[in-house]
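Subject: Handover of a structure and notes on its findings

Dear colleague,

Please find below the structure that I am handing over to you.

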Amino acid sequence: MDSSLDDDSRSAGADGGPQAPSQGRLLERALDRAHRGEWQAWEDFAQLHALARRDGDRALAGQAMAGLMITGQHFRRFERFEEGLDELLEALDAGAAGLDASEELLVLNALLLALLLCRPLDPSIDAHAARLQALIEQRLDVNLTLAAGRTLIYYFEPRNLRDPALRVHAVLGPRMAEPAATPYRQARWLHMWRICAHYGRQPYLAAEALTQMFALARQHRMRDVEFLAVLVEAQNALPHGDIPVARAAIERAEALIDSSQLGELLLLELEKTRLAFMRREVASALHHATRAGRLCIEVRMPVAMRWPYAVNEALAQLLGEDHEGARATLQQMLGATPAGYAHELDAMLQGIDAWLAVRDGLPDAARRIEALWAGLRRRRSYDFFDHLPEFSARLCVLALERGIETDFVRSFISKCELAAPEDAPPSWPWPLRIQAFGGFAVWRQGELLSAEGKAQRKPLALLQALVALGAFNEESAVDVARLVELLWPDVDAASPKSSFEMTLSRLRKWLGVEQALKLSNGRLSLNSRLLWCDVAAFERSCASLQQLLRPHADAAGLPARLQQMNGLYRGRLFGNAVLEPWLVQARERQALRFARLVRDAGQHLETMQDWPAALSLYEASLEQDLLAETLHLALIRCLRALGREEEARRAAQRCEDVLGISLNPG
């Protein structure tokens, strides 16, 4: 422990003179250390607080406690917060008139921070925040002002008070350049402002703040600030599913960590939990979430601050499909969560309840889904299962399938960049949509892209090849060598690679959506996060139908799946276009699959003696593929079973006209 504070306090009393001036200098020294981010400041404030209490100097004791608490929050050390809160309340009640503006700024900052962390529902919070905002606009000590600005952002953010937060930023932005502003206070302010900009869906402001954090950390060798900035890189990568970047960032953070700082270990465990979410590692997620919870207790974190860690534990339980356990974990935090974040917690509970209601077939499932999304829309809230986006996506599907809050849900999906689940309905807002059955067309953000001109022929051929070969994700990606062989069979051996690269570049430019195509390890695929294709949806629909047609399967969903399949298969692959032989094979393969599934479903209905339903199926399917001979035969069989012989003869004649064969039904 640094002993300079004790030495100064002893020298101050050597001649029996008053100690207040010396202790005032000690406060300045402790504040200077705190402004520079030195951990020893916490011990300095603690010792100064003891001296001031011994001497009965309540004003100085309050300032020392305030510095201790603000420094403790930075380093995740909270053991003095509860007692400090009561002392600060007493100090302000008894001697606010005796504090100058800078002293009040320091004490009020700590008081508001402690209330937010320990008693988030205290009715005096709003008044204290208003007074603190007035103080930061008085151009007081720049470092105390930057520290207070952090607390105000912490107050504004969960309440979605964007305008006051922007006002604070407007006040503090110009002051960052003042010579007295320490790099540490600048960096810590930027860290909190980045969080505000991130949740306010202002990515450019958030990215700018992070860049400035890194610059300050490296220029002034602030290890702990660089540690925080690297963790932000991991946080930014995870929602996009960029696991290698997130893992690399976490490894860099581990190299920077001071293992004696439990607060840093706590933050690292938090990001390891989130990485486990993205890697779908249930056991690992539960392990790191539980360890983070234990560290919360070790650092004496106030209960009201623990809700993000409880949320992580609940998300780990959801990842393991333990919906009831996740609900119980979140339920325990009700009543101890800050008011703004309580809305988010309540929405998560509503989401789990809605999911359970659908899963269990409860009669009020639709009402629960409607209440969930109506509440999110009213609050314009987009913070919802952030680190388990697939669960958010499932809840979006529940709403879109039922036509509930469609505009807001689509906006939510776009803002949160949610990946579409396999069962996502056509109303999901993909940036790109491809129709390949019955013709070929591409839409970007709802606008049909022009495919005219000779320059687009090869890029379109490449896109059609990916569709025909089923390269809808990285697992089904196609080797570039195979694409070159199919699209440039007559090109010299030295040229195909450059031809492919030029064509791929043109296709990317034409599509106009970054990352719509993924090239990795010599294999190319479409990105199903950003692109919907009727062929991929058709294949998923066919797979679901095959499950419904298995022996002893519950066929209650058969009519809906049949309707969905017919809606997707609008005609033969790429319509009537003249195709290369290998593309013709893909067209025939899809046509045969369609005809077989319709035949199998129709035979199921015929077995059930549901001739009208079978007839409707065959008629609707022939509208999509008039060249399917098996469907003509099935239609005739149904008509005859229903005793409609004249219609059966007309159907046979139509088949003969279309296919050039004679069925002679008699």
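The notes below go through the findings by topic.

Please bear in mind throughout that this is a predicted model.

**Nonpolar cores**

In soluble globular proteins, nonpolar side chains tend to be buried together. How many residues does the largest nonpolar core hold in this model? The number is 124, and Trp373 and Trp428 are the residues with the most contacts inside this core. Helix H27, which covers residues 581–607, gives the most to the core, with 10 residues. Apart from it lies another core, of 105 residues; Leu117, Ala148, Trp189 and Ala246 are among them.

Trp373 deserves a separate look. Its neighbours within four places in sequence set aside, tryptophan 373 is in contact with Leu395, Cys396, Ala399, Glu405, Phe408, Val409 and Phe412.

**Cysteines**

A disulfide is a covalent bond between the sulfur atoms of two cysteines. The structure contains zero disulfides. Cysteine 396, for example, is in no disulfide, and the nearest cysteine sulfur, which belongs to cysteine 416, is 7.7 Å away. Cysteine 396 is also buried, because its relative accessible area is 0% and buried means under 20%.

**A pair of packed helices**

Two packed helices are described by the angle between their axes and the distance between the axes. Helix H9 (residues 162–175) packs against helix H10 (residues 183–199) at an angle of about 145 degrees, and their axes are 11 Å apart. The crossing in which H9 passes H10 is left-handed. On the side of H9, the contact is made by Arg162, Ala165, Leu166, Val168, His169 and Leu172. On the side of H10, Trp189, Trp193, Cys196 and Tyr199 take part. Sorted by class, this contact has eight nonpolar residues, one polar residue and one charged residue.

Helix H10 also holds glutamine 186. Is this residue buried or exposed? Glutamine 186 counts as buried, because its relative accessibility is 12%, and the limit for buried is under 20%. Beyond its neighbours within four places in sequence, glutamine 186 is in contact with Leu146, Met176, Ala181 and Leu216.

Valine 107 has its place in helix H6, which spans residues 101–118. With 2% relative accessibility, valine 107 counts as buried. Not counting residues up to four places away in sequence, valine 107 touches Gly62, Gln63, Ala66, Leu88, Leu92 and Leu99. The C-alpha atoms of valine 107 and alanine 91 are separated by 8.7 Å, and these residues are 16 residues apart along the chain.

Phenylalanine 227 is in helix H12, made of residues 223–237, and counts as buried at 1% relative accessibility. Which residues does it contact, leaving aside its neighbours within four places in sequence? They are Ala253, Leu256, Ile257, Glu264 and Leu267. Between the C-alpha atoms of phenylalanine 227 and alanine 326, 99 residues apart along the chain, the separation is 31 Å.

Threonine 503 is found in helix H24 and is buried, with a relative accessible area of 6%. Residues up to four places away in sequence not counted, threonine 503 touches Lys458, Pro459, Leu462 and Trp488.

**Positive phi angles in two loops**

Arginine 76 has a phi near 55 degrees, a positive value in a residue other than glycine. Arginine 76 sits in the loop between helix H4 (58–74) and helix H5 (81–95), and is buried, with a relative accessible area of 18%.

Glutamine 515 is not a glycine either, yet it has a positive phi of about 70 degrees. The loop that holds glutamine 515 runs between helix H24 (496–511) and strand S5 (517–520). Glutamine 515 is partly exposed, with a relative accessible area of 45%.

Yours sincerely,

A colleague

Conventions
Residues are numbered from 1 along each chain as its sequence is written. This is a predicted model: local features need pLDDT of at least 70, side-chain atom pairs count only at pLDDT 80 or more; totals for chains, interfaces and linings use all residues. Side-chain values use heavy atoms; hydrogens and water are left out. A nonpolar core is a set of buried Ala, Val, Leu, Ile, Met, Phe, Trp, Tyr and Cys residues joined through side-chain atoms within 4.5 Å. Buried means under 20% relative accessible area, exposed over 50%, partly exposed in between (1.4 Å probe, protein chains only). Helices (H or I, at least four residues) and strands (E, at least two) are DSSP runs, numbered from the N terminus. Contact means heavy atoms within 4.5 Å. A disulfide is a pair of cysteine sulfur atoms within 2.5 Å. Axes are lines fitted to C-alpha atoms, for helices over the stretch in contact, and angles run from 0 to 180 degrees between N-to-C directions. A crossing is left-handed if the near helix is turned anticlockwise from the far one by less than a right angle, and right-handed if clockwise. Ala, Val, Leu, Ile, Met, Phe, Trp, Tyr, Cys and Pro count as nonpolar, Asp, Glu, Lys and Arg as charged, and the others, Gly among them, as polar.
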